[in-house]
Amino acid sequence: MLPALCRSVCGAARLGLGLRSAPLLLLPRPLASGLSPGLRCLWSLCGPGQAHTHRPRLLSSARPLNSVSCGCGGLHTEGDKAFAEYLTDEIKEEKKIQKTAVLPKLSGGWDMELNGTEAKLVRKMEGEKITVSFNTNNSIPPTLEEEQQQQEGQKSDENEPEIVSTPNFVVEVTKLSGSQNLVFDCHYPESEVAHGEEDDSDIFTIREVSFQPMGDTDWKETSYTLNTDSLDWALYDHLMDFLADRGIDNTFADELMELSTALEHQEYIRFLEELKGFIKC
């Protein structure tokens, strides 16, 4: 019977018989929550009147964020706060183990230019200009101990290996009276980095040699490139001697590693500081 009554009243409302306000008189809104299913249908289906307009919303999409405001207008959460506190501690620890805030100098009278993670060393000698370029990004190889600890899920703070940056570097030899650069692409083999003091083997190797036009910053692929993988050892030794005569030897390679390690650590601390500032505001 109630469903029929509901349909009758709603039909009358659609025909304009003046029953639009009847539910408000019979069923006040404060009592709607306690109605039986039949009367609840009568109250809710009686058309787009005042009662329908002010129906209470049962569901809401608004969900408050657990945020912390600093006045900058950005989003800040409790997780961000904990992240910033962690970075503060990490920066302090990294500065404690930083050997020196002053970058080490190379012997041989090299001038240094820095551009972020890129470094350039320049020296002139008897009509020639020697330029060594390297980048500290991705210059720290994983150690065998670190790989084993990662596989075993172990971490030892007492015997952590020293972090050493071993970047690839490019040597450009320019004849001041010429129009080409003789370019050497060099790197540190992993097997030679941990050499002993009594070991006379080279701690860096030449991978490629090529002539490149002066003034070009990109490697010109149309220029012939000599790969040393299958090179005659006599020719390779002469190329290494050519570099050694211009100050690119084991002593230089050791000093370059020390400089690159200091640069990489400096940039790492700067990154942590910038990350902390970004997270906080």
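Which residues form one aromatic cluster? In this predicted model, the cluster consists of Trp 110, Phe 169, Tyr 188, Phe 204 and Phe 252. Two of its members, Phe 169 and Phe 204, are also listed among the residues with the most contacts inside the largest nonpolar core. The points below cover ring pairs, charges over rings, and the nonpolar cores.

**Aromatic pairs**

- The count of aromatic pairs comes to six.
- One of them joins Phe 169 and Tyr 188 in a tilted arrangement, with 5.7 Å centre to centre and 55 degrees between the planes.
- Because Phe 169 belongs to strand 4 (residues 169-175) and Tyr 188 to the loop between strand 5 (180-187) and helix 7 (190-193), this pair ties together parts that are 19 residues apart in sequence.
- Phe 169 is buried, at 0% relative accessibility, and Tyr 188 is likewise buried, with a relative accessible area of 6%.
- Trp 233 and Tyr 236 make an edge-to-face pair, with 5.6 Å between centres and 85 degrees between planes.
- Both Trp 233 and Tyr 236 lie in helix 8 (residues 233-244), where they are three residues apart, about one turn of the helix.
- Trp 233 counts as exposed because its relative accessibility of 65% is over the 50% cut-off, whereas Tyr 236 is buried, with a relative accessible area of 10%.

**Charges over rings**

- Trp 110, a member of the aromatic cluster, has the charged end of Arg 123 over its ring, 5.3 Å from the centre.
- Arg 246 lies over the face of Phe 242, and its distance from the ring centre is 3.7 Å.

**Nonpolar cores**

- The largest nonpolar core comprises 32 residues, and those with the most contacts inside it are Leu 121, Phe 169, Val 171, Phe 184, Phe 204, Ile 206 and Ile 248.
- Two or more residues of this core come from each of strand 2 (118-125), strand 3 (128-135), strand 4, strand 5, strand 6 (205-213), helix 8 and helix 9 (250-280).
- Helix 9 gives the largest share of this core, seven residues.
- Beyond residues up to four places away in sequence, Phe 204 touches a set of residues that includes Phe 169, Tyr 188, Tyr 236, Met 240, Leu 243 and Ile 248.
- The contacts of Phe 204 also include Cys 186, His 187, Pro 189, Asp 249, Asn 250 and Ala 253.
- Another core, of five residues, lies apart from the largest one; among its members are Ala 84, Leu 87, Ile 91 and Ile 279.

Note on methods:
Residues are numbered from 1 along each chain as its sequence is written. This is a predicted model: local features need pLDDT of at least 70, side-chain atom pairs count only at pLDDT 80 or more; totals for chains, interfaces and linings use all residues. Side-chain values use heavy atoms; hydrogens and water are left out. Rings of Phe, Tyr and Trp (its six-membered ring) pair if their centres lie within 6.5 Å; planes under 30 degrees apart count as stacked, over 60 as edge-to-face and the rest as tilted. Helices (H or I, at least four residues) and strands (E, at least two) are DSSP runs, numbered from the N terminus. Buried means under 20% relative accessible area, exposed over 50%, partly exposed in between (1.4 Å probe, protein chains only). A charge sits over a ring if NZ of Lys or CZ of Arg is within 6 Å of the ring centre and within 35 degrees of the ring normal. A nonpolar core is a set of buried Ala, Val, Leu, Ile, Met, Phe, Trp, Tyr and Cys residues joined through side-chain atoms within 4.5 Å. Contact means heavy atoms within 4.5 Å.
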